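Trainee: I have a structure open and a few quick questions. Can we go through it?
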Amino acid sequence: PLLARLPWQNFVLRAEHVPGLAHMPDIGREIREMLLFQPTKSSMHRVLQYSMPYIKHNRLNFPAFADICAQDLTHMIRVVMACCLGVLRANTKRPVFELRVRLYAFFHELLAR
């Protein structure tokens, strides 16, 4: 098997490759612009604005797919990935390791496309 042929160091992830807060988009600018009623209408701004009434119910409302740029879509995928993997806070529930591996593989493939 592959584990016998390669040294174990090849299978250890570097810190910069592990999903964490550093990989999260900074949505503070969009929230600040919303609070100050500034007319910026990026697709991330619209997602946040449409979802505000539903946040306590854990629902997101998305604009039409044609209105979302690729970079904002990537940011949203990273946010969903962090939520699913339990990355955002230390006291959140995390799925079992096997499920985290599957989720990471799924999101990694999704982000690579």
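Predicted model: local features only at pLDDT ≥ 70, side-chain atom pairs only at ≥ 80, totals over all residues.

Trainee: Surface, then. Which residues make the nonpolar patch?
Mentor: Leu2, Leu3, Leu6 and Phe11 make a nonpolar surface patch of about 380 Å².

Trainee: Where is Leu3 found?
Mentor: Leu3 sits in helix α1, residues 2–5.

Trainee: And is Leu3 buried or exposed?
Mentor: Leu3 counts as exposed because its relative accessibility is 63%, and the cut-off for exposed is over 50%.

Trainee: Switching to α4. How many residues has it, and what does it reach from first C-alpha to last?
Mentor: Helix α4 covers residues 70–85, which is 16 residues. It reaches 22 Å between its first and last C-alpha, close to the 22 Å expected at 1.5 Å a residue.

Trainee: Which residues of α4 are buried?
Mentor: Asp72, His75, Met76, Ile77, Met81, Ala82 and Leu85 are the buried ones in α4.

Trainee: What comes just after α4?
Mentor: Gly86, with a positive phi of about 75°.

Trainee: Now charges. How many salt bridges does the count come to?
Mentor: One. Glu98 pairs with Arg102, and their closest N and O atoms are 3.1 Å apart.

Trainee: Where do Glu98 and Arg102 lie?
Mentor: Both are in helix α5, residues 97–112, and they are four residues apart, about one turn of the helix. In general, an α-helix has 3.6 residues a turn, so residues three or four places apart point the same way.

Trainee: Are Glu98 and Arg102 buried or exposed?
Mentor: Glu98 and Arg102 are both exposed.

Technical notes: Residues numbered from 1 in each chain as written. Heavy atoms only, no water. Patch = residues over 30% accessible without salt bridge, like charges linked within 9 Å, V, L, I, M, F, W, Y side chains within 5 Å. Areas by Shrake-Rupley, 256 points an atom, 1.4 Å probe, with all protein chains shown as cover. Salt bridge = Lys/Arg side-chain N within 4 Å of Asp/Glu carboxyl O. Helix = DSSP H or I, 4+ residues; strand = E, 2+ residues; numbered from the N terminus. Buried < 20%, exposed > 50% of the residue type's maximum accessible area, 1.4 Å probe, protein only. Expected span 1.5 Å × (residues − 1).
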